[in-house]
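Visitor: I'm new to this one, so please walk me through it in plain words.
Guide: Happy to; have a look first, then ask away.

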Amino acid sequence: MSLLIGMNGRFFEQNWRPALTEIAFAAANGFASIQFQGKPAGLQATALGADFASIRQQLQAKQIMAVMEINLQIDAAGRAATGQTPLEVLEANLPAINGLGCEYVHWHLNNQPVLEFAQVAELEIALQPQFAAGVALAQQHGFKFGFEHNDPILRLFTTPQACNQLLAAVPGLGFVWDFNHTLPEDLAGFLQLIPRMSMLHISDTPLPEVNYHLPLGMGAIDFAAYCQALLTANFHGPAILEIGGLPKSGGYGRDTDAALIDSLQRLQAALA
């Protein structure tokens with residue numbers, strides 16, 4: 001299968017499970033990958049309930065790929081609330097990336113507070129050297145580095161044009177396409193980026209409203225059409241189910257075992 005369907009590991013304060021338990025669940029139910037969440041100070045083994053070596057051993061034994069998302073809010077100067085740059089946060093997570101054996105890592109950068117469009121354009125260009133440095137670091141450590149686009153309300157890297165501009169400026173950078181962040185009018189533009197896609201984030205949303213992170217079948221996305229476009233263009237990589245729900249869709253807690261298994265089966269059917 002060209003899509004290595006995985007799940008967002010439930011390592012959150014409000015919904016925490018030990019990593020070894022998540023790996024066992026994933027393996028028992030046909031998931032091929034797990035997404036870990038990087039932290040500004042670096043993901044620590046204590047947040048996962050076991051040391052990195054034990055987790056990596058189980059991932060390898062169960063043939064489950066580890067990937068990492070670094071979700072970071074940045075200001076107009078491109079720095080997190082801690083004062084760190086995205087590159088410094090990536091460097092802080094290298095022990096976890098290497099320890100867990102993460103094969104794909106990406107930044108999901110979003111701007112807080114929301115910036116004016118002129119500021120966004122400047123910031124997108126100003127960040128290009130850090131993306132290039134991230135690609136170099138990834139090549140040095142043996143993982144694929146990419147970035148994710150945003151819900152349009154956040155403005156930073158939201159349009160196909162802005163994402164294509166970054167990809168053109170930074171050779172070797174991968175693009176993480178989130179179905180649930182994609183406006184219907186932008187779909188064709190994002191499909192043109194398939195050759196540069198490294199990973200997918202998949203959840204449902206009541207289009208034209210986006211960013212609800214619903215289990216599959218609870219929104220309006222045509223998953224069969226999206227998947228057919230990916231298969232036709234020979235996409236190959238992790239496809240992470242990021243279901244759970246934001247406050248606007250009724251709150252968190254939708255990433256139950258049953259919802260994950262059902263969403264996996266629905267995505268497999270869409271691929272068939």
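Visitor: Which residue in E9 is the bridge partner of Phe175?
Guide: Met197 is the partner of Phe175. Before we go on: this is a predicted model, where local features need pLDDT of at least 70 and side-chain atom pairs count only at pLDDT 80 or more, while totals for chains, interfaces and linings use all residues. Residues are numbered from 1 along each chain as its sequence is written, and side-chain values use heavy atoms, with hydrogens and water left out.

Visitor: Is E9 buried or exposed?
Guide: Buried: 6 of the 6 residues in E9 (197-202) are, so the strand is largely enclosed by the rest of the structure. Buried means under 20% relative accessible area, exposed means over 50%, and partly exposed lies in between (1.4 Å probe, protein chains only).

Visitor: Zooming out, what do the strands close into?
Guide: A barrel of 8 strands with parallel pairing, in the order E1-E4-E5-E6-E7-E8-E9-E10. On average, neighbouring strands of this sheet are turned by 30° against each other, direction ignored.

Visitor: Let's jump to E6. Which strands does E6 pair with?
Guide: E5 (residues 65-74) is one of them, running parallel to E6 over 8 bridges, with Val67 partnered by Tyr104 in E6. On E7 (residues 144-148), 4 bridges tie it to E6, again running parallel. There, Trp107 stands opposite Phe147 of E7.

Visitor: Which way do the side chains of E6 point?
Guide: Tyr104, His106, His108 and Asn110 point one way, while Val105, Trp107, Leu109 and Asn111 point the other way, and all are buried. In a regular strand, side chains alternate between the two faces of the sheet. Since 8 of the 8 residues of E6 (104-111) are buried, the strand is largely enclosed by the rest of the structure.

Visitor: What about Gln112, where does that lie?
Guide: Gln112 lies in the loop between E6 and helix H5 (117-126). With a relative accessible area of 33%, Gln112 is partly exposed. Leaving aside neighbours within four places in sequence, Gln112 is in contact (heavy atoms within 4.5 Å) with Gln73, Ile74, Asp75 and Leu154.

Visitor: New topic: at what angle do H1 and H2 pack?
Guide: About 5°, with the axes of H1 (residues 19-28) and H2 (residues 52-61) 10 Å apart. That makes H1 roughly parallel to H2. For the cut-offs, under 35 degrees is roughly parallel, over 145 roughly antiparallel, 65 to 115 roughly perpendicular and the rest oblique. Axes are lines fitted to C-alpha atoms, for helices over the stretch in contact, and angles run from 0 to 180 degrees between N-to-C directions.

Visitor: Which residues make that contact?
Guide: Ala19, Leu20 and Ile23 from H1, and Ser54, Ile55, Gln58 and Leu59 from H2. The residues of this contact divide into 5 nonpolar, 2 polar and no charged. Nonpolar covers Ala, Val, Leu, Ile, Met, Phe, Trp, Tyr, Cys and Pro; charged covers Asp, Glu, Lys and Arg; the others, Gly among them, are polar.

Visitor: Last one: what kind of peptide bond joins Leu207 and Pro208?
Guide: A cis one, with omega about 10°. Pro208 is found in the loop between E9 and H9.

Conventions:
Helices (H or I, at least four residues) and strands (E, at least two) are DSSP runs, numbered from the N terminus. Two strands pair if DSSP finds at least two bridges between them.
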